[in-house]
Amino acid sequence: MAKNIPKRPTMEIVNVHAAAVDIGSGLHMAAVDLDVTDAPIRTICMIWPCGSKSMTSPASQ
């Protein structure tokens, strides 16, 4: 007997030019459509050096 697999809900496209943003404690990432730019995923480090637990910036060294 075949199982009744529920359909996944679909999401409506609201704005095709919107970006996805992931905000982390030490790293922020943004992603846009591949047709918009050569670098569709960008990373912004909030801690220097990126990924380190050190809170010193290059300007303070």
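Reader: Noted. How many helices and strands are in the chain?

Author: Zero helices and three strands. From the N terminus on, the elements run β-β-β.

Reader: In what order do the strands form the sheet, and is the pairing parallel or antiparallel?

Author: The order is β1-β2-β3, the sheet is open, and the pairing is antiparallel.

Reader: Which are the edge strands?

Author: β1, residues 20-23, and β3, residues 41-45. Each of these edge strands pairs on one side only.

Reader: And how many degrees are neighbouring strands turned against each other?

Author: On average 15 degrees, with direction ignored.

Reader: Over how many bridges do β1 and β2 pair?

Author: Four, in the antiparallel sense. Strand β2 covers residues 27-31.

Reader: Switching to the surface. What percentage of the chain is buried residues?

Author: 5% of the 61 residues. The accessible surface of the chain comes to about 6000 Å². Carbon and sulfur atoms hold 61% of that surface.

Reader: Which residues make a nonpolar surface patch?

Author: Leu-27, Met-29 and Ile-41 make one of about 250 Å².

Reader: Where do Leu-27 and Ile-41 sit?

Author: Leu-27 is in strand β2. Ile-41 belongs to strand β3.

Reader: Why does Ile-41 count as exposed?

Author: Because its relative accessibility is 57%, and the cut-off for exposed is over 50%.

Reader: Why is Leu-27 put down as partly exposed, then?

Author: Leu-27 has 34% relative accessibility, so it counts as partly exposed. That class lies between the limits for buried, under 20%, and exposed, over 50%.

Reader: How far apart in space are Leu-27 and Thr-43?

Author: 6.9 Å, C-alpha to C-alpha. In sequence, Leu-27 and Thr-43 are 16 residues apart.

Reader: Last topic, contacts along the chain. Take those between residues at least 6 apart in sequence: what percentage join residues at least 24 apart?

Author: 0% of them.

Reader: Good. Give me the recap.

Author: A predicted model with three strands and zero helices. The strands form an open antiparallel sheet.

Note on methods
Residues are numbered from 1 along each chain as its sequence is written. This is a predicted model: local features need pLDDT of at least 70, side-chain atom pairs count only at pLDDT 80 or more; totals for chains, interfaces and linings use all residues. Side-chain values use heavy atoms; hydrogens and water are left out. Two strands pair if DSSP finds at least two bridges between them. Helices (H or I, at least four residues) and strands (E, at least two) are DSSP runs, numbered from the N terminus. Axes are lines fitted to C-alpha atoms, for helices over the stretch in contact, and angles run from 0 to 180 degrees between N-to-C directions. Buried means under 20% relative accessible area, exposed over 50%, partly exposed in between (1.4 Å probe, protein chains only). Contact means heavy atoms within 4.5 Å. Accessible areas come from the Shrake-Rupley method with a 1.4 Å probe; for residues, only the protein chains shown count as cover. Patches are made of residues with over 30% relative accessible area and no salt bridge: like charges are joined within 9 Å, nonpolar side chains (Val, Leu, Ile, Met, Phe, Trp, Tyr) within 5 Å. A salt bridge is a side-chain nitrogen of Lys or Arg within 4 Å of a carboxyl oxygen of Asp or Glu.
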